[in-house]
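Subject: Structure handover

Hi,

Here is the structure for you to look over. Please open it first, then read my notes below.

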Amino acid sequence: MSGRDAGGRDAGGRDAGGRDAGGRDAGGRDARERAVTERTATVPTSADMHRLGVRLGGLLAPGDLLVLSGDLGAGKTTLTQGIGEGLKVRGPVTSPTFVIARVHPSLVDGPPLVHVDAYRLGGFAELDDLDLDASVDESVTVVEWGEGLAEGLAEERLEMIISRGGGTDETREVRIVGVGHRWSDLERDL
């Protein structure tokens, strides 16, 4: 994404997702016109979070972007570990907090998993420095703490917001928002 200004816009005024300042894509469609599918899942344990990731990993394809958000300890890395297992990538999948990004190649001729932790990034410019756009079309890219930063990497994406339940147990609520037609069957698939 070189050649972008501090706000992440290219010389034509478009952001990383190809939208102009008014939110319209190159075809003139408003970003709000894209299909949005949403569902919520209750996940009782960390083992169940891992299983959700495995199921999700079996549905993912090259070019898929997942933006994960939630409090510290919410289960983002556990979910990503399951995704890695479902994709059958080389592991172990661990939190890339200090290395920022880690690539896990496929063991079965599938897409690699690019696992990013944006927690320590200072903004879009630092995310841009990672050159994720160079591999996003061939990989499955998961960005933890990516809300407000990573959405521009792909117009179609899966946003997952993980929150703790009100009790003292491990229960999590996972709000899953599919943006774009790629995710129109989300309710059926998950």
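R182 forms a salt bridge with D64, and their closest N and O atoms are 2.7 Å apart. A salt bridge here means a side-chain nitrogen of Lys or Arg within 4 Å of a carboxyl oxygen of Asp or Glu. This pair links distant parts of the chain, 118 residues apart. R182 sits in the loop between β7 and α4 (186-189). D64 sits in the loop between α1 (46-57) and β2 (65-70). Helices (H or I, at least four residues) and strands (E, at least two) are DSSP runs, numbered from the N terminus.

A word on the model. It is predicted: local features need pLDDT of at least 70, side-chain atom pairs count only at pLDDT 80 or more, and totals for chains, interfaces and linings use all residues. Residues are numbered from 1 along each chain as its sequence is written, and side-chain values use heavy atoms, with hydrogens and water left out.

Now accessibility. Buried means under 20% relative accessible area, exposed over 50%, and partly exposed in between (1.4 Å probe, protein chains only). D64 is buried, at 5%. R182 is partly exposed, at 30%.

The salt-bridge count is four. Another one joins R175 and E38, with the closest N and O atoms 2.7 Å apart. R175 is in strand β7 (residues 172-179) and E38 is in strand β1 (residues 36-43), so the pair ties together parts 137 residues apart in sequence. R175 is partly exposed at 38%. E38 is partly exposed at 42%.

R157 also forms a salt bridge, with E159. Their closest N and O atoms are 2.7 Å apart. Both residues, R157 and E159, are buried.

Best wishes
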